[in-house]
Structure formats: structure tokens, C-alpha cells
Amino acid sequence: MNLQGKKVTLHDMSLRDGMHAKQHQISIEEMVSIAKGLDEAGMPMIEVTHGDGLGGASVNYGFPAHSDEEYLKAVVPQMKQAKISALLLPGIGTVENLKMASDCGVTSIRVATHCTEADVSQQHIGLAAKMGMDTVGFLMMAHMVKPEKILEQAKLMVEYGANCIYATDSAGYMLPDDVTERIGLLRKELPKNIEVGFHGHHNLGMGIANSLAAIEAGANRIDGSVAGLGAGAGNTPLEVFCAVLDRMGVETGVDLFKVMDVAEDLVVPMMDHPVRVDRNALTLGYAGVYSSFLLFAKRAEEKYGISARDLLVELGRRGTVGGQEDMIEDLALTMAKEQGLI
Amino acid sequence: MSKKLKAVIIGPGNIGTDLLMKMQRSEWIEPVWMVGIDPTSEGLKRAEAMGIKTCSTGVDGILEHIITDDIRIAFDATSAYVHAENSRKLNELGVIMIDLTPAAIGPFCVPPVNLVEQTKNLAMNVNMVTCGGQATIPMVAAISRVQPVEYGEIVATVSSRSVGPGTRVNIDEFTRTTASGVEQVGGAKKGKAIIVINPAEPPLMMRDTVHCLTETTPDQAKITELIHAMVKEVQRYVPGYQLVNGPIFDGNRVSCFMQVEGLGDFLPKYAGNLDIMTAAALRTAEMFAEEAANKTITLPARG
């Protein structure tokens with residue numbers, strides 16, 4: 001693979017996707033110190049939001065240690081060069097949340113929908129574009145449909161005003177060819193001024209390989225997270241990815257040793273559990289299940305005695321999508337009843 | 001003279017057509033007009049085939065028939081954008097408006113919780129909240145009847161096929177209106193609503209989760225009893241309303257997991273979200289008719 005001379009914008013997820021792995025309990029101090037470390041390392045974009053996006057604070061997804069507003073107000077003013085982005089899932093977050101984020105100095109908004117439901121994003125993408133923000137359409141669980149469907153949905157988001165489209169492997173299910181097909185088609189068919197991005201999860205250990213495939217197929221924005229801190233087995237570990245890109249001659253503008261140090265000195269010590277491909281995270285990738293279901297399934301296992309793996313396989317079979325965390329306890333109760341455990 | 005109140009349906013889409021089919025079985029409400037804005041619409045053709053009068057020039061086109069046809073009830077299944085005008089024009093002629101849009105200019109109505117109150121007050125415009133609200137607010141109300149609810153949260157998961165373009169283009173309105181309903185009718189001090197759209201095939205049945213945080217330790221026996229009683233109340237007009245799991249108690253958290261199967265009139269059975277709206281709207285109109293027949297309320301006078 002020859003990627004020599006390509007330029008890629010890296011986008012760190014440790015303070016948003018990483019919130020899942022921390023049950024949304026990252027402290028303000030941790031958030032600020034990691035963001036500052038990344039800023040200094042030259043990371044161009046950093047996402048700061050509840051794991052489930054703006055307005056995600058809930059019984060269903062977990063109440064965070066601090067509100068989105070508190071985190072953003074603490075982090076944004078400390079940045080010297082990095083752009084802070086926020087995630088928004090229509091159906092959870094609203095345009096009021098979006099305006100709040102903008103008031104806090106967020107300049108990039110990523111509006112995420114399930115990969116077949118882009119038409120719920122019109123009001124949010126429309127407003128963000130109108131406000132002059134970097135506006136990203138983020139198509140989640142992109143493994144579930146054919147590349148042509150992803151393109152169709154991407155075109156809707158572009159029509160609403162998005163200037164960048166992501167194909168998102170929320171389940172960490174994709175193999176490099178799956179990425180190539182989707183990103184390749186988006187790059188080929190979308191207007192040249194529309195950027196294309198890829199967000200991976202490492203559930204099958206493919207974070208790096210998939211991200212490379214995405215660059216080769218035309219993506220110029222790639223998500224990852226320092227030390228891989230993210231839902232499931234985490235995101236593409238950015239320090240590893242930076243080293244690989246460096247070796248391949250891809251320009252990122254990120255200082256490899258500095259980003260390594262952020263990973264090792266700040267992020268790893270903060271982890272509640274090793275973010276790795278354990279059997280449950282592997283099951284997410286294998287069964288095509290939304291990565292943030294991991295800890296919910298583990299808790300349901302403890303509470304109701306149904307194995308997390310069995311729960312995740314069944315959730316995959318039923319075609320659950322992002323946001324359906326409430327289904328996990330419901331299913332565990334039903335399975336426990338069937339097995340005479342309760 | 002028939003005890004039935006005569007009605008007009010505005011909006012010949014899926015909701016309007018389903019409502020018409022339910023209304024044709026009603027002992028209390030007689031559908032007379034279906035109103036649309038497109039003479040070639042399938043919905044108007046369907047209504048005509050079902051034997052009711054149709055009008056393709058919007059609400060303005062039926063104003064002259066309101067008094068002569070003695071129309072007393074209107075159901076608005078159009079959009080929040082045009083509802084206020086529709087309501088004003090028909091209210092002026094003494095027609096009670098039942099609003100199935102998220103406009104929410106009138107008080108919210110969730111039949112087993114506050115329908116009696118709305119009819120006794122002869123509210124001239126009642127709003128049916130949202131499908132998610134109809135499916136979950138009864139549970140929140142059941143819990144708040146036992147003890148104060150500090151926070152009520154609902155998650156509605158619906159099949160992609162059952163979510164129309166009106167909801168999609170303004171999905172914030174769903175979350176906002178539902179959250180207000182959880183507070184105002186459900187009795188939670190703070191409400192939150194989440195909607196998840198799932199495209200699985202075959203389509204999944206509407207499911208709803210209700211999480212309440214009570215101010216003090218929940219009275220498990222009493223809450224369980226009232227929740228089961230409330231489920232039966234909803235089942236009187238939505239037979240496919242089901243408590244699948246719960247109530248589950250975890251500290252001060254009370255959670256219920258619901259499923260709503262529709263009757264499958266015009267919309268398929270999985271679209272319990274649409275069915276619970278049309279059934280609740282019709283139930284509301286019927287209550288007005290019953291109260292009028294019992295003379296507990298007096299409808300606006302007509303010459």
C-alpha cells in the first residue's frame with residue numbers, strides 16, 4: 001500500500017467515545033489535562049461530549065460526572081491550536097444543545113444518525129451549516145447496509161449542508177474490504193469539496209488496518225483515540241496509528257512522541273479497566289453490535305446471571321441499532337425469566 | 001336524534017385513514033368529512049371509497065359545511081405548522097379540536113390520566129402529545145400517584161417504516177413535546193424523552209422504556225399495583241399495550257419495559273406508535289360525546 005505524501009486530519013475521540021469506557025465519569029481535570037496534552041502534540045481535532053453526544057445525560061445512557069457545558073467551558077479556552085468538536089444524535093440531542101455547544105466555542109459539529117435514517121438530521125445539519133460550523137454527517141453502523149445505501153444517505157446530509165461525511169464502523173465489524181467499498185464509493189460520487197472520514201472500533205483488532213484502507217480509498221479525516229480509549233475494545237489507537245502513518249510517509253502534523261506520552265502518562269492510568277479485545281468486546285465485532293453496549297451487557301450479566309456474550313449475540317440477531325441501550329436490561333429480564341432465574 | 005357527534009378528519013395520510021377506520025366502528029363518533037389539500041391524493045380516494053365526503057381545498061373548503069352538517073369534532077392529523085390556523089377557524093364555529101400534531105397549543109390529553117378533566121372543562125383544543133407520550137406517560141403518572149417523581153425519562157423505539165416525514169423533519173419537536181408531557185401530565189418534576197428509529201426487517205414492534213427516579217424510596221407494592229391497573233386502563237382502547245418487563249426497582253429508580261402492538265386497521269400491527277395516537281384521539285372524542293349525551297357538558301350553542 002502506498003500512501004506516501006497523503007495528508008490526513010486526525011480526530012481524537014478519547015474524551016467523547018472514551019466517556020463510554022469511563023461510564024461518563026471523566027473528571028474536569030482529566031479532561032483538561034488530556035486535551036492540553038493533545039493540543040500540544042499538534043492534534044488538530046478533539047471531540048468533547050457525553051459518550052452519546054450532546055444531551056446524552058440520562059438514566060438510559062448514564063449520567064456524566066459533569067454536563068457537556070461544564071466540560072466544554074473548561075476545555076475550549078485552553079486550546080492553542082486544536083479545534084473542539086461535539087457529537088449530536090438527533091432523537092437524543094436537540095438544536096438547543098447545538099447552540100449551547102457553539103456558544104461554548106465548539107466550531108465543529110458531528111451529526112450522527114443510523115446509516116439508513118439520515119433524514120432525521122436535516123434541522124441539526126442545516127442549523128450548524130448556517131452558523132458556519134464545520135458540519136459533519138456521521139453515518140453510524142455503516143456495516144449494516146450496502147455502500148450504495150450509504151451513498152444515498154450521505155447525499156441527503158450533503159444536501160442539508162454537511163461539508164464532510166463519515167462512514168462509521170460503530171460495531172467494529174468491518175474488514176478492510178468493507179471500508180474500501182464504502183469510503184471508495186463516497187469519495188468517487190460525492191463532490192470534491194466534501195471531505196470523507198472514517199471512524200473505527202478495534203473489536204476485531206482491525207482499527208489500524210481499516211483506517212489505512214480508508215485513507216487509501218480517499219478518506220482524509222480519520223478518528224481514533226489516544227490509548228484507544230473508547231467504547232467496546234476502543235477506537236483506533238492514535239499513537240499507534242501516528243507511528244504507522246509516519247512510517248508510511250503520511251502527513252498528520254502530530255508529534256508522535258508527545259502523543260505517545262499522553263497515551264501512556266495520562267490516559268492509561270485513568271482507565272477503569274484495560275480497553276482491549278476481551279471476549280465480550282470481540283463478540284461486539286463478531287456479531288455487529290453497537291460498541292457502547294459492552295458495559296451495559298456486563299452489568300446485566302452481573303445482575304441477572306445471563307452471559308454478556310449471549311445477550312450481545314441476541315442483540316445482534318435482532319438488528320438493534322445505536323441508542324437502544326434500554327433493550328439490554330429488557331432482554332436480560334426476558335432471558336432470565338425463560339431460564340427460570342427470576 | 002343520534003347521540004353520535006359528527007366529525008371531520010383533516011389530513012388523509014396514514015394517521016387520518018387509520019383514524020377513519022377506527023371511527024367507523026365507534027358508537028359515539030360519526031366521520032362525515034375527510035379534508036386534504038391534494039385532489040389526487042390516495043388518502044382522499046380511500047376516504048371516498050369508504051363512503052365519506054371529501055374536500056381537497058383544505059380547511060377553508062369545509063367551513064361552509066360545518067353548521068349545516070352539524071360538525072362538532074375535528075381531528076387534525078396534518079402538521080404543527082398549519083395546526084394553529086386550522087384550530088382557530090374551526091373553534092370559531094364551535095368545533096372541538098383534537099390535535100394529533102405536535103403543535104401543542106391546547107392542553108395535553110392522555111386519556112387514562114387526564115381525559116375526564118379535559119372534557120369536564122370543555123377544552124376546545126386538546127393535544128394528544130406524541131406517540132411516545134401516549135405510550136409512556138400513563139406509567140409515569142401511575143408512579144407519581146404513589147409518590148413524588150423527581151425525574152421521568154422515556155425511550156421510544158419505533159420501526160423506521162412507521163416514522164413519517166413530518167416527524168423526521170422536526171424530530172426535536174418529538175423530544176421536546178414528549179418531555180413536557182412527562183412533566184405536565186405524568187407529574188415528573190423534570191422530564192426527558194429519547195426516540196430511537198430502527199430499520200430492521202421485519203419491522204420491530206414499538207417498544208418503550210420508562211425510567212423514573214422517585215424522591216424517596218419507592219413503595220414497591222403500591223407502585224406495582226398502580227402500574228398494572230394503569231396498563232389495564234390503556235388496554236381498554238389499545239388492546240395490544242403490554243408491560244413486557246418490570247416494574248424493576250433499583251435504589252430510587254423504577255423502570256418499566258413496554259411494547260405496543262397496533263390493531264392493524266390501516267397501519268400494520270408493528271406500528272403501535274401510530275395506533276396508540278389514533279386510538280387515544282378517538283377515545284378522547286368519544287368521551288366528549290358521552291359527556292354531552294349525559295348532559296355533564298354543554299356543547300357550544302348553535303342556531
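**Note on the sheet, domains and chain contact**

1. In chain B, 5 strands form an open sheet of mixed pairing, in the order S8-S7-S9-S11-S10; strands are DSSP runs of E of at least two residues, helices runs of H or I of at least four residues, both numbered from the N terminus, and two strands pair if DSSP finds at least two bridges between them. S8 and S10 of chain B are the edge strands, each pairing on one side only. From one strand to the next the twist averages 15 degrees.

2. This is a predicted model, in which local features need pLDDT of at least 70 and side-chain atom pairs count only at pLDDT 80 or more, while totals for chains, interfaces and linings use all residues. Residues are numbered from 1 along each chain as its sequence is written, and chains are lettered from A and ligands numbered from 1 in the order in which they are written.

3. Within the sheet, S7(B) and S9(B) pair in the antiparallel sense over 8 bridges. B:Ile154 has B:Val210, in S9(B), as its bridge partner. Helix H14 (residues 326-338) of chain A packs on the sheet and touches S7, S9, S10 and S11 of chain B, its direction making about 95 degrees with that of S10(B). Contact requires C-beta atoms, placed from the backbone, to lie within 7 Å; axes are lines fitted to C-alpha atoms, for helices over the stretch in contact, and angles run from 0 to 180 degrees between N-to-C directions. Helix H5 (residues 131-146) of chain B lies across S7, S8, S9 and S11 of chain B, at about 30 degrees to S9(B).

4. Between the chains, 25 residues of chain B are in contact with 24 residues of chain A. S8(B) gives the most to the chain B side, with 6 residues. That side divides into 11 nonpolar, 8 polar and 6 charged residues, where Ala, Val, Leu, Ile, Met, Phe, Trp, Tyr, Cys and Pro count as nonpolar, Asp, Glu, Lys and Arg as charged, and the others, Gly among them, as polar.

5. Chain B is divided into domain 1 (5-128 + 278-293) and domain 2 (131-270), with bounds from an automatic or database domain assignment. The contact takes 20 residues from domain 1 of chain B and 21 residues from domain 2 of chain B. Helices H1 (14-23), H4 (111-120) and H9 (272-293) of chain B each supply at least two residues of the domain 1 side, and H1(B) gives the most, with 5 residues. The domain 1 side has 12 nonpolar, 5 polar and 3 charged residues.

Definitions and conventions:
Two residues are in contact if their C-beta atoms, placed from the backbone, lie within 7 Å.
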